[in-house]
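Please read the following briefing alongside the sequence and the coordinates.

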Amino acid sequence: MFSERHRKTVASRVRAGRVKLLAGMTALGLCLTLTALTPGHVSATAVYKEEGPAGESGLVDAVAVTVNGVHAVTVDSAETARALLREIKAGYLTPRTESAAFRESVELLPCLTAPECVMAPADARALLDPENTASPVALTVLTMVTVTREEAVPYDTETVMIPDGYEDETSVTRAGVDGAAANTYSVIYENGREELATLTDSRILAEPVSEIVTRGALPGSRYDSRGVYIWPTTGVLTSKFGGRTISIGSTNHKGIDIGNAAGTPVMAADGGLVIFAGKNGGYGNFVAIRHDNGAVTRYAHMRKLLVEEGQRVAQGQQIGEMGRTGTATGNHLHFEILPDGETRVDPVGLLTGKLQRR
Ligand SMILES: [Zn+2]
C-alpha cells in the first residue's frame, strides 16, 4: 500500500527518531501508521509532508487508538475515536452510575496512514468491544455505584462459668438476636458484573443482643465416678459384714444393713451406670451400679426405685426409697461393694465420712 518512495521516507524518519512506526494487525490487515513521538511534537503529517504534498504521498491524516500502548485501531479523526469510546462506555451506564473509566490505558495519537487503513467506526468499535473475547484489544469498562444494603449484625456469645457445674453442662440462658445495619458500599462493576464491594459506611439500625451461655467450670461430667464412696443413706448400722446369726439361722452377710424409716432416700455411693434396676428375688427392689473403674455397688430391699437400667447417675443422686421388699424383717438398706465387680468386701472401710443418723 506504500510506494517505494514512501517506504524510504518512513524508514528515514524512523531512523532519525522523529516519528514512531506503529505496525498493527487491524481488521483490514497490516497497516503502517506513523505518529509523532511525543504529544506536542510537530505533527506526523507535517514531518511526512516535508517530502512532498500529502496528495503525492497518498497518505491521509488519521487517529490511532492505542490500548496499553498497543496500536489497536485507526479511525479518521479524534472526534470519531472519542465518540466510539463514549458509546462503549455508555453500554454499561445506569442511572445510578457515578463514574466510568476504562481499566486499560487508552491513548489517541494523530497519525498518517494509507486511506485503506482507516477503519469504519463500526469495525473499530467491534475490535474494542468489551464483550469481544477474541479481540486482544477489547476494552474493560469499570463503573462505580454506591449502594446501601440492610444487613444483619451477628450477635456475640457470652459464656458464664458455673463454679460447681461440669464442663458438659451448658445451657442458653438468653438467646442471641441479630442486629441490623445499613451498610453503604462502593461497588465496582467490570463490564457490568460486580467485581468488588468496599464498605464505606455503616449505620446501626438495631443493636444485636448477645447470647448468654452458662457452662460448668469443673472438668468431666457429673456422672463420672469419683473413685470414693459416700454413705448411700442415713440411719443406724444394724448388721455388719461377715458371719452373723439371724432368726432363720446362721449366714455369712455379704454387705451391711442400714436401718431407718421407710422412704428414707437412698443415694448412689459414686457416679456410674445403672446396670440393673428391678425386682431381684430376696433382694427385693434392687439397683446395681457399675463405676468407671469396674467396681459395682448394690442396693437392696427398696420400697421404690427412681432410676432405670442404662441410666447414668451422679454420686449422691437419689436412686430410690428405703423399704423392706424381698427377704427383710424391717425397713433397711442392704448395701454391697464389689471393688473388682465380682467379689463383695466389707464396705465400711471403703466409705468416706461417718454414717449420719438422719
Ligand atoms: Zn443385709
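**Overall composition**

Among the contacts in the protein chain with a separation of 6 or more, 69% are between residues 24 or more positions apart, a contact being a pair of residues whose C-beta atoms, placed from the backbone, lie within 7 Å. This is a predicted model, in which local features need pLDDT of at least 70 and side-chain atom pairs count only at pLDDT 80 or more, while totals for chains, interfaces and linings use all residues. Residues are numbered from 1 along each chain as its sequence is written.

- The protein chain has five helices and 26 strands, where helices (H or I, at least four residues) and strands (E, at least two) are DSSP runs numbered from the N terminus.
- Of the 358 residues in the chain, 27% are buried; buried denotes 20 or more other C-beta atoms within 10 Å of a residue's own, exposed 12 or fewer, and partly exposed in between, with C-beta atoms placed from the backbone.

- Leaving aside residues up to four places away in sequence, Val 266 touches, among others, Pro 232, Tyr 299, Ile 319 and Leu 333.

**Helix H4**

- Thr 80, Ala 81, Leu 84 and Ile 88 are buried in H4.
- The buried residues of H4 fall within an arc of 100° seen down its axis (taken from the directions from the helix axis to the C-beta atoms), so they line one face of the helix.
- Glu 79, Arg 86 and Ala 90 are exposed on the other side of H4.

**An open sheet**

- Seven strands form an open sheet in the order E14-E17-E25-E21-E20-E19-E23, with antiparallel pairing, and two strands pair if DSSP finds at least two bridges between them.
- Strands E14 (236-239) and E23 (312-313) stand at the edges with a single partner strand each, so one side of each is left without a neighbour in the sheet.
- E17 and E25 run antiparallel and are joined by four bridges; Ile 256 has Phe 335 in E25 as its bridge partner.

Notes
Two residues are in contact if their C-beta atoms, placed from the backbone, lie within 7 Å.
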